[in-house]
Amino acid sequence: MFGLGTINPNVRAIGGSQEHDLHRRAAQIRAELQQGVSKPFSDIIDVSSGDSHLTGMMPVTFVRQVIAACLCPALIHSDDLPVDVRRRAQDLLAQLDGESMGSYTDSCGAPNVQCSVAEFITRRDGGVPASPQNIFICGGSQRALALLLEILIPNDGPPYTGVLTPVPTYKTFTMLLEETGTVMVPYQLCEEQGWVLQIDELRRALRDSRGHCSPKVLYVINPGNPTGHVQTMKSIAEVIQFAAEEELFLLADEVYQDTVHGDNSEFISYKRVLFEMGGEFSETVQMASVHSASKGYMGECGLRAGYVELVNIDHTVMPFAEWLIGTKICAPVPGQVALDIMARPPQPGDASYVQYTQEVQAIQETLVHNVRRAQEVLNSLPGMSCQLPEAGIFVFPRLQFHPQVAEHAKKAGVDADLLYSRRLLEDSGVCVSPGCEYGQRDGTHHLRLCVLIPTNTLDEMLTRLTRFHLRFMAEFF
């Protein structure tokens, strides 16, 4: 019989997620409210994840209309849908086997979607060419990252392969490392300077790791999650040069590229900088970049679609990547449609262009307003400070607790920010993600809050959090 001692040891080593426990408790409280149990609040406000539709943000109409017409082809002949929606659905269906969304695509993605993504990357990077053959469509960016780790990590140690990983970073990536038996090599982002990535810190992390693992991969998140920092071209070039010097595979997570909102910030892809650095780097540094339809203005988390582009990979390796992806079957076809729309949105003159543009602009304006409002309120609270993020859909405030809070948390066997998050959920019905999920410097505590939510929901969430925070802080003074 299979038991704990006989399952895959890498699976057994995966650390649990405190955030999942909070989600389960939030679901229980929601059920209690529906049963009429008295609480000091009427509903749960869940800002712990990046699922903006969960909190009430509306999907982009054009995306849903095209998917609806693809799922129900009779709508293609209906005047209830704009002509460009019907034309796009018809074109997409014509590329599918049996002209049906129920058919498999190629395991690497529908060829027309691969082409759309390649054209998107080329436009984004100012003409730097992208080939559809180097693009793999996956069931979200996490599946893309898992695929890359399977390819890159031999798992035949010791010494085991190490991946340089930013701290803070999001929990599901560290769980992927544990699943593959990979050693996480943490490098700290500098909070005091806006969570910047420092080359000296990369060098320190690499040097310290070499006694217990074999570092092969450098993982970067730009824009950052949960930090919201955006790297400059100079910073990216320094990282690329470092990767080249140390012969590290560069893995760039760029899923928040469409959410830059800092006044003086701009997203520049790692690939673009790599090719602008000239042949010494553009022909030798091996890298992969991932993007997704789950984040940004689309927010289609449940459709599960993302891509990975491979750069400078040996031609003998590419067939193995294709074979490995073939074992996973194709990404969900509705998600591939969403990815195609992300890469090829309506253009001026199209029937849906005005509405599409207005909806995207409204989402972007909501994000900008909410980020600034949240930072203003959080910075006004005693014992809390919040860097103004330049991108992303989160704020990541720092909590400065009285020593009694740490003592109380230690007795309970939890981190102080987890204790705070549990109490916030129970007392105010607000579900946030504790900083201990992401890694943080010893002695520091944080929260991650999604702010891509309706403005009225943000205001209610901040009101509840403020009242709770003042009571919590007073309790320990």
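Q: What does "buried" mean when we talk about a residue in this predicted model?
A: Since the model is predicted, the word rests on a calculation from its atoms. A residue is exposed when its relative accessible area is over 50%, and partly exposed in between. Buried residues are those under 20%.

Q: How many of the residues of strand β8 are buried?
A: Strand β8 covers residues 306-311 and is mostly covered. G306, V308 and L310 point one way from β8, while Y307, E309 and V311 point the other way, and all are buried.

Q: Which strand do six bridges join to β8?
A: Let's look at the strands beside β8. Strand β2 (residues 135-138) is joined to β8 by four bridges, and these two run antiparallel; F136 stands opposite V308 there. The strand with six bridges to β8 also runs antiparallel to it, and this is β7, residues 287-292.

Q: Which residue in β8 is the bridge partner of H291?
A: Strand β7 spans residues 287-292, and this strand is joined to β8 in the antiparallel sense. In β8, the partner of H291 is Y307.

Q: Is S141 buried or exposed?
A: You will find S141 in helix α6, residues 141-152. Leaving out residues up to four places away in sequence, S141 touches V255, V290, H291, S292 and G306. Its relative accessibility is 11%, so S141 counts as buried.

Q: Why is strand β5 largely enclosed by the rest of the structure?
A: Strand β5 runs over residues 214-221. The reason lies in how many of its eight residues are covered: β5 is largely enclosed because six of the eight are buried.

Q: Which residue in β5 is the bridge partner of T161?
A: Strand β3 (residues 161-167) pairs with β5 in the parallel sense, over four bridges. Within β5, the partner of T161 is S214.

Q: Which residue in β6 does Y219 stand opposite?
A: Strand β6 covers residues 249-253 and pairs with β5 in the parallel sense, over five bridges. In β6, the residue opposite Y219 is L251.

Q: Which helix makes a β-α-β unit with β5 and β6?
A: The two strands pair in the parallel sense. Together with one helix they make a β-α-β unit that is right-handed. That helix, residues 233-246, is α9.

Q: What is the relative accessibility of S235?
A: S235 lies in helix α9. Its side chain is joined to that of Q231 by a polar contact of 2.9 Å. S235 counts as buried because its relative accessibility is 12%.

Q: How far apart in space are S235 and Q440, C-alpha to C-alpha?
A: Along the sequence, S235 and Q440 are 205 residues apart. In space, C-alpha to C-alpha, the separation is 22 Å.

Q: Which residues are linked with Y420 into a cluster by ring pairs?
A: Not counting residues up to four places away in sequence, Y420 touches M384, L399, F401, L447, L465, F468, H469 and F472. Ring pairs link Y420 into a cluster with F401, F468 and F472.

Q: Which residues of helix α3 are buried?
A: Helix α3 spans residues 61-71. What covers its buried residues includes α4 (83-94), α13 (333-343) and α14 (353-379). The buried residues are F62, V63, Q65, V66, I67, A69 and C70.

Q: What is the angle between the planes of F62 and Y356?
A: The count of aromatic pairs comes to 12. F62 and Y356 form an edge-to-face pair, 6.3 Å centre to centre, with 80 degrees between the planes. The pair links distant parts of the chain, as F62 is in helix α3 and Y356 in helix α14, 294 residues apart. F62 counts as buried because its relative accessibility is 4%, and the angle asked for is 80 degrees.

Note on methods. Residues are numbered from 1 along each chain as its sequence is written. This is a predicted model: local features need pLDDT of at least 70, side-chain atom pairs count only at pLDDT 80 or more; totals for chains, interfaces and linings use all residues. Side-chain values use heavy atoms; hydrogens and water are left out. Buried means under 20% relative accessible area, exposed over 50%, partly exposed in between (1.4 Å probe, protein chains only). Contact means heavy atoms within 4.5 Å. Two strands pair if DSSP finds at least two bridges between them. A crossover is right-handed if, with the strands pointing away from the viewer, the path from the first strand over the helix to the second runs clockwise. A polar contact is a pair of N or O atoms within 3.5 Å; within protein, one must be able to donate a hydrogen and the other to accept it, and residues adjacent in sequence count only if both atoms are side-chain atoms. Rings of Phe, Tyr and Trp (its six-membered ring) pair if their centres lie within 6.5 Å; planes under 30 degrees apart count as stacked, over 60 as edge-to-face and the rest as tilted.
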